[in-house]
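Please keep the sequence and the structure in view while reading.

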Amino acid sequence: MAIEIKGAAGPRFDEILTDAALEFVADLHRTFDGVRQERLAARMTLQADLDAGAKLGFPPETAARRADASWKIAGIPADIADRRVEITGPTDRKMVINALNAGAKTFMACLEDASSPTWENMVDGQLNLKDAIDGSITLVDENSGKSYALGENPATLIVRPRGWHLLEKHMLVDGEPVAGALFDFGLYFFHNARRALERGTRPYFYLAKMEHYLEAKLWSDVMAHGEDALGLPRGTAKATVLIETIPAAFHAEDILYEMRDHIIGLNCGRWDYIFSYIKRHRNDPTKVLPDRAAVTMTSPFMRAYSLHVIRTCHKRGAFAMGGMAAQIPIKGDEAANNAAFEKVRADKLREATDGHDGTWVAHPGLVQVALEVFDKTMPEANQIDKLLDGEATEAELLEASEGPKTMDGLRMNVNVGIGYLAAWLNGRGAVPLHNLMEDAATAEISRTQVWQWRRHGVKLDSGEIVTDAIVRQAVANELDSLKQQLGEDGVKAGKYREAAELMEAMMLADECPEFLTIPAYDRYFAPAA
């Protein structure tokens with residue numbers, strides 16, 4: 001059957017959506033989509049087991065290979081041996097240029113949580129990445145007239161495709177939508193793998209949202225298939241996997257094993273990890289977390305997770321990458337700005353001292369702050385040779401965090417959830433809110449935490465029990481506040497009512513939805529049937 005593109009044509013889209021490139025993606029779909037769906041179904045089986053009282057743990061069937069000290073990953077290419085500071089962000093043209101020029105070692109260009117998955121964003125993003133690999137990317141800002149171009153020694157480019165759970169419904173193969181992961185990976189790899197090799201680098205990827213080592217095997221199989229199809233050597237594609245789900249923490253070593261030809265490291269995706277902890281323990285009253293602000297990397301279960309990733313990666317010769325500093329510079333308030341920067345320094349010092357090989361920042365203004373810490377603490381290109389003693393226990397990785405549960409925390413969840421989702425509906429996936437750069441993980445934490453508190457009738461520190469009525473009132477109050485700030489026209493233009501409606505529905509759902517972005521995409525961005 002034919003390949004069908006249901007999205008509108010845009011400027012230069014024909015350079016990306018070529019017949020050969022679409023056939024490459026279609027081949028990936030026909031070869032691997034059945035396995036992808038099996039792996040997603042396995043997530044739901046796991047959830048059913050957890051709801052019935054099962055506990056997460058290390059997979060017993062792979063104990064022997066975890067105990068085998070002889071194997072390591074295939075190796076790390078020279079051009080990415082030092083990645084002490086990585087900047088992340090969406091793939092719009094200005095961001096790509098500024099991030100590559102920011103002084104970071106790498107730029108993680110995100111087609112996933114930091115991008116709103118409109119058809120235009122997804123294809124434009126591919127064009128921008130192609131031009132970046134070619135070194136030809138430029139921009140003249142229509143409003144300011146300012147010109148942007150790559151400087152000397154731009155950062156190494158890493159691309160994050162969408163997770164296995166998301167679809168790209170603007171491309172049908174044999175009448176079925178393709179996975180967003182295969183669409184994003186396939187187009188980028190087809191157009192840029194050989195170009196990257198010619199320029200002394202290679203196609204690097206960040207892989208998101210995995211929960212099981214067999215999901216990692218699927219990615220490795222996809223990469224090998226793509227390499228064979230293009231006549232490229234095995235291991236041309238190299239990936240870093242985000243350990244951003246609580247099940248994946250128990251599968252970290254097995255993920256390295258399954259992807260050993262194609263992997264170079266693991267990353268502590270801290271915000272999604274908190275979201276996953278709440279979601280997978282949704283029906284366990286002993287795993288109710290406190291206010292989001294109280295769950296930090298020094299919380300016992302988060303600290304155990306961070307050290308576990310370092311220990312696991314270095315044992316197998318892989319990078320252990322630290323997490324996001326979401327702070328952004330605060331203009332016009334020197335004291336607040338200095339306080340934010342001190343938080344970043346403390347966070348990065350912890351990471352570098354523990355043994356992380358690099359870290360993430362969300363804003364160019366924080367690159368030098370993080371670099372100074374890692375330059376002082378980590379004089380070599382990385383510290384993969386730093387081996388930590390001990391092993392993480394299942395109890396340590398699962399221990400619930402203690403802390404306040406407050407009405408202010410609930411209101412902040414509602415505020416951030418609505419604010420982020422409204423921006424997402426307007427095509428922006430990375431959004432500054434309350435002096436933090438937020439992506440979809442923020443909205444996911446917000447709505448699942450409110451759902452969890454309501455599900456278990458949490459008593460807040462001020463005495464209120466979280467009920468449907470309290471949640472509805474918090475949403476109504478937020479809309480009233482937005483109307484006072486922006487006026488009715490501003491609320492309408494900002495799509496805040498649509499965001500509030502969807503966020504409230506998910507917070508009050510009988511069953512906790514797996515992802516906010518799936519119904520939001522289907523409702524607002526998917527093509528008409």
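A cavity here is a set of points, on a 1 Å grid over the protein atoms alone, where a 1.4 Å probe fits but cannot get out. The model is a predicted one, and by this rule it holds 4 cavities of 30 Å³ or more.

**The largest cavity**

- The space in the largest cavity comes to about 100 Å³.
- Its lining is made up of 13 residues, and those that lie nearest the centre of the largest cavity are Ser 115, Pro 117, Arg 162, Leu 166 and Thr 517.
- Sorted by class, the residues lining the largest cavity are 8 nonpolar, 2 polar and 3 charged.

**The second largest cavity**

- Lys 209, Glu 211, Glu 244, Thr 245, Asp 272, Phe 275, Ser 276, Lys 279 and Phe 515 form the lining of the second largest cavity.
- That lining divides into 5 charged, 2 polar and 2 nonpolar residues.

**Asp 354 in helix H12**

- Asp 354 belongs to helix H12, which covers residues 334–354.
- Is Asp 354 buried or exposed? Asp 354 counts as buried because its relative accessibility is 11%, and the cut-off for that class is under 20%.
- When residues up to four places away in sequence are not counted, Asp 354 touches Arg 303, Leu 307, Ile 310, Lys 386 and Leu 388.

Technical notes. Residues are numbered from 1 along each chain as its sequence is written. This is a predicted model: local features need pLDDT of at least 70, side-chain atom pairs count only at pLDDT 80 or more; totals for chains, interfaces and linings use all residues. Side-chain values use heavy atoms; hydrogens and water are left out. On a 1 Å grid over the protein atoms alone, a cavity is a set of points where a 1.4 Å probe fits but cannot get out, and a pocket is an open set with protein on both sides within 12 Å along at least five of seven lines; lining residues have an atom within 4 Å of a point. Grid points are joined across faces, edges and corners, and a volume is the space filled by probe spheres set on the points. Ala, Val, Leu, Ile, Met, Phe, Trp, Tyr, Cys and Pro count as nonpolar, Asp, Glu, Lys and Arg as charged, and the others, Gly among them, as polar. Helices (H or I, at least four residues) and strands (E, at least two) are DSSP runs, numbered from the N terminus. Buried means under 20% relative accessible area, exposed over 50%, partly exposed in between (1.4 Å probe, protein chains only). Contact means heavy atoms within 4.5 Å.
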